[in-house]
Amino acid sequence: MKENFEKTAISKVVIDRLPLYFRTLRLRLDAGVEIISSDELGQRLGITPEQIRKDLASFGQFGKKGVGYRIVDLISNIGKILGLDKNWRIAIIGLGHLGWALAHYQKFDSLGFKLEAIFDVNPDKIGQCINGIQVSSLDCLKEVLAEQNIQIGIITVPGNEAQDVADQLIDAGI
């Protein structure tokens, strides 16, 4: 893999396809598949095999001609490109249906995300413990984000409140 891919001009379209590749490869790996061809990957995504090979070649040499790609290696390399090899500390703001589902999502860790904080405005939810994390009041957002060294905030509040929450996150340095 090219060590300086950050300095190489890569089109936005290629970058936008990487998460699709990553997700499809994880699903194939979960199904017990170890090697995948650009043909199979292309069929699953509706992308030509040539385009897949070209996209991946933008970041280095990953597969072997006539053999295909080792899925574990390709997942690892694409994960590094996407920054999923880091442990990102995240917070969920809003504990409605979506926030609740995300707070219970068991694969965050395997994707490089560590849920560290949950916030809500509902007094009935504040103080609850979900997977070892106590729900905090939105009034404490800035302080808790700083204390927990949160890097990413996931906004799951109603649309009419989302901008206010986004502004608070920005104000907190997220």
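Because the model is predicted, local features need pLDDT of at least 70 and side-chain atom pairs count only at pLDDT 80 or more, while totals for chains, interfaces and linings use all residues. Residues are numbered from 1 along each chain as its sequence is written, and side-chain values use heavy atoms, with hydrogens and water left out.

**Cysteines**

Let us start with sulfur. The structure holds zero disulfides, a disulfide being a pair of cysteine sulfur atoms within 2.5 Å. For cysteine 129, the nearest cysteine sulfur is that of cysteine 140, 16 Å away. Cysteine 140 is likewise in no disulfide. How accessible is cysteine 129? Cysteine 129 is exposed, at 55% relative accessible area, whereas cysteine 140 is partly exposed, at 34%. Here, buried means under 20% relative accessible area, exposed means over 50%, and partly exposed lies in between (1.4 Å probe, protein chains only).

**Salt bridges**

Side chains of opposite charge can pair when their charged atoms come close. A salt bridge is counted when a side-chain nitrogen of Lys or Arg is within 4 Å of a carboxyl oxygen of Asp or Glu. How many salt bridges does a search of the whole structure find? The search finds nine, and the table gives some of them.

| Aspartate 30 | Lysine 107 | 3.7 Å |

Helices (H or I, at least four residues) and strands (E, at least two) are DSSP runs, numbered from the N terminus.

Aspartate 30 is exposed at 54% relative accessibility, while lysine 107 is partly exposed at 39%.

Arginine 89 is partly exposed, at 25%.

Glutamate 40 and arginine 44 share helix H2 (residues 38-45), where they are four residues apart, about one turn of the helix. An α-helix has 3.6 residues a turn, so residues three or four places apart point the same way. Both partners are partly exposed, glutamate 40 at 21% and arginine 44 at 45%. Through shared partners, salt bridges join Arg28, Glu40 and Arg44 into one network.

Which residues of helix H3 (residues 49-57) are buried? They are Pro49, Ile52, Asp55 and Leu56. These residues cover an arc of only 125 degrees around the axis, which puts them on the same side of H3; the arc is that of the directions from the helix axis to the C-beta atoms. The buried residues of H3 pack against H1, H2, strand E2 (69-70) and helix H4 (71-82), with contact meaning heavy atoms within 4.5 Å.

Where H1 and H3 meet, Val14, Arg17 and Tyr21 of H1 face Gln51, Ile52, Asp55 and Leu56 of H3 in contact. The axes of H1 and H3 come within 11 Å and cross at roughly 105 degrees. Such axes are lines fitted to C-alpha atoms, for helices over the stretch in contact, with angles running from 0 to 180 degrees between N-to-C directions. H1 and H3 are therefore roughly perpendicular to each other, since angles under 35 degrees count as roughly parallel, over 145 as roughly antiparallel, 65 to 115 as roughly perpendicular and the rest as oblique.
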